[in-house]
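This report examines selected helix packing and aromatic contacts. The sequence and structure are shown below.

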Amino acid sequence: MKKKRSGFLGTLGKILFGGILLACLLTAASVWMLQAALATPLQLQEDGLQLQVEKGSSLSRTLKQLKRDGIISWPRLLLAYAYWEGKTNIHSGEYLVPHGSTAMDLIARLHRGEVTSYRVTLVEGWTFRQALQRIRAGQNIVKSEAGRTVRAAAKALGLKEGAVEGWIFPDTYVYRSGTTDIELLREAYERMQQVLEEEWQAKGDDLPYKSPYEALIMASLIEKETGQPSERSEIAGVFVRRLHKGMRLQTDPTVIYGLGEDYNGNLTRAHLRQSTPYNTYVIDGLPPTPIALPGRAAIRAALNPKPGKSLYFVGKGDGSHHFSSTLTEHNRAVREYQLKRRADYRSSPAKGN
């Protein structure tokens with residue numbers, strides 16, 4: 001009887017030992033497979049992998065797609081590793097995974113959200129239409145129906161079509177693949193609101209503006225008239241003094257803006273007499289809206305004009321201006337710089353100046 005029990009226990013011990021050994025071997029094999037899955041370079045081309053992770057996509061779904069594409073071999077093992085490391089949350093966007101990257105590198109990159117970024121630059125002095133066109137032409141920008149026209153874009157921003165001009169802050173914007181034109185446009189709109197409020201809080205005294213919006217209008221005129229950055233506050237001073245004295249601003253860029261598509265590059269005396277809501281040779285005070293996108297420097301100049309007596313200025317042909325305090329002096333400057341234009345006359349400074 002004892003021999004039978006002893007034989008049974010011996011057999012049971014062997015089975016248990018064998019099971020433990022098998023479990024150890026399987027565990028060791030699993031660890032080896034996991035290490036191999038994590039440390040082995042991914043099967044990528046020399047130029048790497050361009051991976052698009054859609055909004056709402058999970059790490060599990062992304063790994064399964066990479067398995068179907070032949071990039072990885074063990075998606076479940078990698079998912080288990082990500083759970084263990086607390087890296088299952090990933091960010092949407094476009095990723096550039098360089099050649100030689102491992103699965104461990106990939107999971108870390110997805111978790112950190114190291115997406116490929118793009119840039120678009122909106123230039124001071126552009127119109128809203130030009131800014132919208134540049135945004136929609138941006139690389140990997142999603143063109144929405146709401147951004148198809150100026151009217152649609154204005155509506156998406158909560159503005160009327162006629163009041164949208166000037167409200168986009170000119171700057172360089174960084175965005176991810178899949179960003180819509182309206183998302184980027186709204187960012188630039190909110191940026192302009194922020195900048196205008198900041199500069200309004202630091203404004204000077206005795207200004208002719210009833211609201212920040214009027215300062216924005218003035219800033220757009222300064223932006224279009226400025227060739228040399230150092231002259232912004234002086235040009236602002238001329239415009240502010242003219243408003244205080246009840247003089248018309250008489251600035252050519254407002255005439256050009258009012259002409260719209262009728263302007264062919266040649267501003268004539270007839271144009272200066274043509275009645276439009278923007279022609280400051282005809283109307284009193286400021287035009288009804290901005291005429292361009294002003295930068296921070298132009299807004300600051302509008303709110304902090306340079307003191308002085310000058311009431312006139314005329315382009316000298318090198319991007320700078322001659323400022324005059326009397327009409328007689330101004331007419332003399334016009335004859336010198338405008339009626340006898342130099343061969344290389346330019347309204348803005350040459351590159352490098």
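## Packing of helix 10

The buried residues of helix 10 pack against helix 8 (212-225) and helix 11 (269-273), contact meaning heavy atoms within 4.5 Å. Helices are DSSP runs of H or I with at least four residues, strands are runs of E with at least two, and both are numbered from the N terminus. In helix 10 (residues 252-259), P253, T254, V255 and L259 are buried, that is, under 20% relative accessible area with a 1.4 Å probe, protein chains only.

## Basis of the values

The model is predicted: local features need pLDDT of at least 70 and side-chain atom pairs pLDDT 80 or more, while totals for chains, interfaces and linings use all residues. Residues are numbered from 1 along each chain as its sequence is written, and side-chain values use heavy atoms, leaving out hydrogens and water.

## Helices 7 and 12

The axes of helix 7 and helix 12 (residues 296-303) lie 10 Å apart at an angle of about 30°. Helix 7 is therefore roughly parallel to helix 12, a term for angles under 35 degrees. From helix 7, residues including M192, V195 and L196 meet R296, I299, R300 and L303 of helix 12.

## Aromatic pairs

Six aromatic pairs are found in the whole structure, with ring centres (six-membered ring for Trp) within 6.5 Å. W167 and Y189 are edge-to-face (planes over 60 degrees apart), at 6.0 Å centre to centre and 90° between the planes.

Note on methods:
Rings of Phe, Tyr and Trp (its six-membered ring) pair if their centres lie within 6.5 Å; planes under 30 degrees apart count as stacked, over 60 as edge-to-face and the rest as tilted. Buried means under 20% relative accessible area, exposed over 50%, partly exposed in between (1.4 Å probe, protein chains only). Axes are lines fitted to C-alpha atoms, for helices over the stretch in contact, and angles run from 0 to 180 degrees between N-to-C directions. Angles under 35 degrees count as roughly parallel, over 145 as roughly antiparallel, 65 to 115 as roughly perpendicular and the rest as oblique.
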